[in-house]
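Student: I have a structure to go through and I'm new to it. Can we start with one residue and its surroundings?
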Amino acid sequence: MPLQLDMTGRVVLVTGGTRGVGAGIAAVFLRAGAHVEICGRTAPVADGTTARFSRVDVRDPDEVARWVADTAARHGRIDVAVNNAGGAPFADFATASPRFHRKVTDLNFLAPVFVCREVFPVMDGQDDGGTVVNITSIGARRPSPGTAVYGAAKAALESLTASLAVEWAPRVRVNAVSCGLVATPGATDHYGDAEQTARVAATIPRGVFARPADIGAACLMLASPLAAHITGAVLNVDGGGEWPAFLRHTPNAGVIHARTRER
């Protein structure tokens, strides 16, 4: 995928940047010339990239503070922070333990809070400010059975995005990318074998899962001068969302569905 945006000299943080969507985001910024710092609890497999890895539990505010301070000290600046770390396994809400619910909330909401809190004074002290991109989910705005607390945490993150965009304007822009279904190494474990995954993909108007690079491209655009007047926004990167269930029972459903497959 060709990139036209130049991030040479920019310093970018990506939480959870060692695999899946986070690795895709990091790779896009690397190709655009940025210095990329990634963190996670497990070091990535060597893949030839030049992203710098730090072992950080983003649920721990002290570890986050040390990571951000170290990055700022080494580079003298932080231009972009992408709060990507997150996720949750399927669990029945009523029977999952309070500890489980707390861990999901800590990872998907409080971790971005901690990162935002630490990067703000760095960005606010720079002549050209900075930008934060929070990775959220379609689960924030539609029922999320089996991952109810995850969806609620992502909804809270979207609310935080809107509030900080106002509170930190005009120097620091804060936006979110709402992900639909993304093809990652773990997608098969989540959705089933190739045949089952294809059936799930058919519920997306574009007919395919997003690639991690698609999410990265959206983050790159929001972090670039092209988005200079965009803040407080939630950008949907979901291939059109989900095929409306009621259309399966209407006379023209087959015609509409066939037309979307032809494009």
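Student: Is Arg59 buried, partly exposed or exposed?
Tutor: Arg59 counts as partly exposed, because its relative accessibility is 24%; buried means under 20% relative accessible area, exposed over 50%, and partly exposed in between, with a 1.4 Å probe and protein chains only. This is a predicted model, where local features need pLDDT of at least 70, side-chain atom pairs count only at pLDDT 80 or more, and totals for chains, interfaces and linings use all residues. Residues are numbered from 1 along each chain as its sequence is written, and side-chain values use heavy atoms, leaving out hydrogens and water.

Student: What does Asp57 form with Arg59?
Tutor: A salt bridge, with the closest N and O atoms 3.0 Å apart. The term means a side-chain nitrogen of Lys or Arg within 4 Å of a carboxyl oxygen of Asp or Glu.

Student: How many salt bridges are there in the whole structure?
Tutor: A search finds 13. One of them pairs Arg117 with Glu118 at 3.2 Å, N to O. Arg117 counts as exposed, at 59% relative accessibility.

Student: And which residue does Glu158 form a salt bridge with?
Tutor: Arg141, with the closest N and O atoms 3.2 Å apart. Glu158 is in helix 4 (residues 148-167) and Arg141 in the loop between strand 5 (130-137) and helix 4, so the pair ties together parts 17 residues apart in sequence. Helices (H or I, at least four residues) and strands (E, at least two) are DSSP runs, numbered from the N terminus.

Student: Are those two buried or exposed?
Tutor: Glu158 counts as buried at 10% relative accessibility, while Arg141 counts as partly exposed at 48%.
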